[in-house]
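Please look over the sequence and the structure shown here, and keep both in view while reading the report that follows.

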Amino acid sequence: MSSSGGIQIPGRLPLLLTQEGVLLPGSTMRLSVDTPRNMQLVRSRLLRGTSLKSTIIGVIPNTRDPEHEADELPTLHSIGTAGLAVQVVGSNWPKPHYTLLITGVCRFRVSSLLKQRPFALAEVEQLDKLEELTSTEEVTAEDGELQELSQRFYQAALQVLDAVSLEERFKKTLPLLTRQIEGLKLLQKTRSPRPDDEKRVTFSSCAVFPGRQFSLDEEGEDEDGDDTAALERKVHRANMPEAALKVCVKELKRLKKMPQSMPEYALTRNYLDLMVELPWSKSTKDCLDIQAARILLDNDHYAMDKLKRRVLEYLAVRQLKASLKGPILCFVGPPGVGKTSVGRSIARTLGREFHRIALGGVCDQSDIRGHRRTYVGSMPGRIINGLKTVGVNNPVFLLDEVDKLGKSLQGDPAAALLEVLDPEQNHSFTDHYLNVAFDLSQVLFIATANTTATIPPALLDRMEVLQVPGYTQEEKVEIAHRHLIPNQLEQHGLTPQQLQIPQDSTQEVITRYTREAGVRSLERKIGAICRAVAVKVAEGQKEEEVKRDDARQHGPAPSSPHCL
Ligand SMILES: Nc1ncnc2c1ncn2[C@@H]1O[C@H](COP(=O)(O)OP(=O)(O)OP(=O)(O)O)[C@@H](O)[C@H]1O
């Protein structure tokens, strides 16, 4: 079959009919074969006997192979490509089929069809000669692009195939190549536009990728703009301390030298994005008025006099001495007594941002301090993340459930918190991910816990514990009527006229259906009553008055106080 001058194909070739793409001489293509005739061809020619390389088959493009073996063959495309099957892979899923990897050798013309069954066999005339292929790798590299082109422009590729004379073939191929190059240029432009290119650029030409248009709005610091230049400007505008700026400039230099495809590019980019987003010198102005704070605390919370008094003292001292260092307040009490909501109120009275960090179950110190950037998937700790979320450097951070911090092989998160909460140290808190110090001294930390017994002594020592005891029956009734019922009515879209709960009904709900120090279950029970009334209101019974019996009707049997 091969001669010294080139490749000589046999005069008779089995034909593989395909509609998937066009195999061009010199290119390599993957074909899926699942119709009976093509499968037969693979079985009897490629899988039996001689080596694959020695078996040449003719690939006829643009011809549908009939689904059934009994069907007549459609008219064949007159020109095809003789190809060497380099690889045959069989599979039974989702239905039996073969996948062929075929390298095109040369063109041929179908002179006459000799037989149709079990597979098509034809007498062929070789149209062009190719020098012997040296290696498959070479072929793939040279013509991989051409093959991709042929898939996109099936018809155009067919024309290239049909062009037997070299001159005609050049004529057909050159416009395609020019368009491909233009397309690549446009693509490159859309990926990295100039930093000063603020004009609206619209690519209306869709010659390269039919059906796809590029339209790009470029406005100065667009995210997709010149990444590094925009990032550099942001770094210089972020107002960060000298040490952080130095690190950022160094990272920027590395980033500029890195190719975008490098995995480290994304890591460095994420790091720099975080650095510019952090509120290094952005803060809210405290608007502290003790009178207003007292009114706000009283409005938000009933009872808790001792706690409110201490909070007011704390706020008053802050008003007189803005640079107050410590103490860190820690509210300790049973669940549902309002520790978290007092923290929220403090943030409101100060006019600061509020952020809650739930520490229950945290047993890895990198949760607080972050992971070093050398780790895959590393990220900053919760403190730095919280600062990024609130966007200012003086928020109120509520460290919820400090008594439920765990310990594990990954370190002790309580130890990491020591640095965060120590006013003497936290002005240079170093998160492992950032690797530069961040000043936490402006952050107001408040901690909450259910018990002091499980708080590590070193941590407890840095905090001032304020006990929040449970409520008496009378206090609960007051809290329910002043806060919980109006809140629940609002949440369920009811008006006070639609649902009135008398004091003695509340008292009964408290004694018979709740058994707690706080008011969380009571709030849930009131929610249950609201839901029941909401159904009636929605059914058309307006002005519903819930009497004591009603409360009992919608609740569980008195003998099972916990299950409402
Ligand atoms: N004295 C109070 N006045 C008004 N509402 C209160 C009072 N105490 C608690 N609440 C309400 O009870 C609900 C539960 O309070 P919160 O979530 O603050 O409890 P907690 O003490 O933080 O509980 P946990 O320890 O489980 O976190 C909130 O809706 C809160 O508004």
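P14 stands opposite L121 in strand β6, and this pair belongs to the antiparallel pairing of β1 with β6 (residues 121–126), which runs over 3 bridges. Helices (H or I, at least four residues) and strands (E, at least two) are DSSP runs, numbered from the N terminus, and two strands pair if DSSP finds at least two bridges between them. The model is a predicted one, in which local features need pLDDT of at least 70 and side-chain atom pairs count only at pLDDT 80 or more, while totals for chains, interfaces and linings use all residues. Residues are numbered from 1 along each chain as its sequence is written.

Strand β1 also pairs with β3 (residues 56–60), here in the parallel sense, and the bridge partner of L16 in β3 is V59. Because 5 of the 6 residues of β1 (residues 12–17) are buried, this strand is largely enclosed by the rest of the structure. A residue counts as buried if 20 or more other C-beta atoms, placed from the backbone, lie within 10 Å of its own, as exposed if 12 or fewer do, and as partly exposed in between.

| Strand pair | Sense | Bridges |
|---|---|---|
| β1 and β6 | antiparallel | 3 bridges |
| β1 and β3 | parallel | 3 bridges |
| β9 and β14 | parallel | 4 bridges |

Strands β9 and β14 belong to an open sheet of 5 strands, whose order is β10-β11-β14-β9-β15 with parallel pairing. Its edge strands are β10 (354–358) and β15 (463–467), each of which pairs on one side only. Within β14, the bridge partner of V332 is A449.

In helix α3 (residues 154–162), A157, V160 and L161 are buried. Seen down the axis of α3, these buried residues fall within an arc of 100° (taken from the directions from the helix axis to the C-beta atoms), so they line one face of the helix.

Around the ligand there are 19 residues, the closest being P335, G338, K339, T340 and S341; a residue is near a molecule if its C-beta atom, placed from the backbone, lies within 6 Å of it. Helices α10 (339–350), α15 (473–491) and α17 (520–538) each supply at least two residues of this shell, and α10 gives the most, with 3 residues.
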